[in-house]
Amino acid sequence: MTNPVRGRLNSAFFALMDGYADRRLREPRQLFAQLDGVVVDVGAGNGPLMRYLRPGTAVHAVEPNPYFHPRLRRSASAAGVELTIHQVPGEAIDLPDASVDAALCSWVLCSVSDPAAVLREIRRILRPGGRFAFIEHVAAPAGPVHLAQRLVHRPWRWLFEGCHTDRDTAAAIRAAGFASVELSEFRFRSAFVPVRTQIAGLATR
Ligand SMILES: C[S@@+](CC[C@H](N)C(=O)[O-])C[C@H]1O[C@@H](n2cnc3c(N)ncnc32)[C@H](O)[C@@H]1O
């Protein structure tokens, strides 16, 4: 259930962090610029990735949290994309099988209740040959980042509405039945230590 206080706070927090995050993620985010046709942004939030899509792109934003919607609409309008918002969870996307050309998500599989179900839905709605691009923060190997992830796990999850610092999302994507998966790990250089270990990649249906 979406919390009206934390929902608004999260949207405001990500709006405040937008420039900072985008500067540091500009290189991996080029993945999203490769997508075309009908594109689904799962867990679109305020829409920070709209700026990577071509103007005129038809974008279906799956965003269950209504407190993100006003900023999401503004991002889409600034980027000149055609936005349709679906206020449903990624575990139950209301789009037909094989109906979209591409899907993307960024910092979402950490937060969903059931990552395997969301990946199943993404695979279901993609047409054969369609691509899924992602950037996600993941569990770090043993070391200081891993320790920080363990220490903050509970308050972090509460504050960021279900965000887990310790998920093995690479394994989940590899196990999701895509025809191919290319991914690499990178370090998100920021003061937010628990999310320093990230993966970026492309999976093809
Ligand atoms: C950390 S924000 C990331 C937003 C945006 N993708 C970005 O890169 O800034 C996580 C987003 O996932 C959304 N989310 C949480 N649970 C979800 C679910 N089950 N299905 C789809 N989106 C979900 C949240 O509402 C929020 O917008």
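A salt bridge, as the term is used in this talk, is a side-chain nitrogen of Lys or Arg within 4 Å of a carboxyl oxygen of Asp or Glu. By that criterion, the side chains of Asp97 and Arg124 form one, with 2.8 Å from N to O. Asp97 belongs to the loop between β3 (82-86) and β4 (100-106), while Arg124 belongs to helix α4 (residues 115-125), so this pair ties together parts of the chain that are 27 residues apart in sequence. Asp97 is exposed, at 53% relative accessibility, whereas Arg124, at 25%, is partly exposed.

Colleagues, please bear in mind throughout that the model before you is predicted.

Searching the whole structure gives 8 salt bridges.

Helix α1 covers residues 4-25 and has a kink of about 55°, centred on Asp18. At the start of the helix, a side-chain oxygen of Asn3 comes to within 2.8 Å of the backbone nitrogen of Val5. Which residues of α1 are buried? They are Arg6, Gly7, Asn10, Ser11, Met17, Ala21, Asp22 and Leu25. Their packing partners are α3 (69-79), α5 (144-159) and β6 (180-187).

Let us return to Asp18, the residue on which the kink is centred. Asp18 forms a salt bridge with Arg51, and the closest N and O atoms are 2.5 Å apart. Because Arg51 lies in the loop between β1 (38-42) and β2 (58-62) and Asp18 in helix α1, the bridge ties together parts that are 33 residues apart in sequence. Both partners are partly exposed: Arg51 has a relative accessible area of 42%, and Asp18 one of 21%.

The next pair is Asp22 and Arg29, whose side chains meet in a salt bridge at 2.7 Å, N to O. Are these two residues buried or exposed? Asp22 is buried, at 5% relative accessibility, and Arg29 is buried as well, at 3%. The cut-off for that term is under 20% relative accessible area.

Arg29 itself sits in the loop between α1 and α2 (30-33). If neighbours within four places in sequence are left aside, Arg29 is in contact with Asp22, Pro48, Leu49, Arg51, Tyr52 and Ile135.

How many residues surround the ligand? There are 16, and the closest are Gly43, Glu63, Gly90, Glu91 and Ser106. A polar backbone atom of Gly43 is 2.8 Å from a nitrogen atom of the ligand. Glu91 contributes a polar side-chain atom, which lies 2.9 Å from a ligand nitrogen atom. At Gly45, a polar backbone atom is 3.5 Å from an oxygen atom of the ligand. Taken alone, the ligand exposes 590 Å², of which the protein buries 89%.

To close, I would draw attention once more to two sites. Thank you for your attention.

Note on methods
Residues are numbered from 1 along each chain as its sequence is written. This is a predicted model: local features need pLDDT of at least 70, side-chain atom pairs count only at pLDDT 80 or more; totals for chains, interfaces and linings use all residues. Side-chain values use heavy atoms; hydrogens and water are left out. The bend at a residue is the angle between axes fitted to the seven residues ending there and the seven starting there. Helices (H or I, at least four residues) and strands (E, at least two) are DSSP runs, numbered from the N terminus. Buried means under 20% relative accessible area, exposed over 50%, partly exposed in between (1.4 Å probe, protein chains only). Contact means heavy atoms within 4.5 Å. A polar contact is a pair of N or O atoms within 3.5 Å; within protein, one must be able to donate a hydrogen and the other to accept it, and residues adjacent in sequence count only if both atoms are side-chain atoms. A residue is near a molecule or strand if one of its heavy atoms lies within 4 Å of it. Accessible areas come from the Shrake-Rupley method with a 1.4 Å probe; for residues, only the protein chains shown count as cover.
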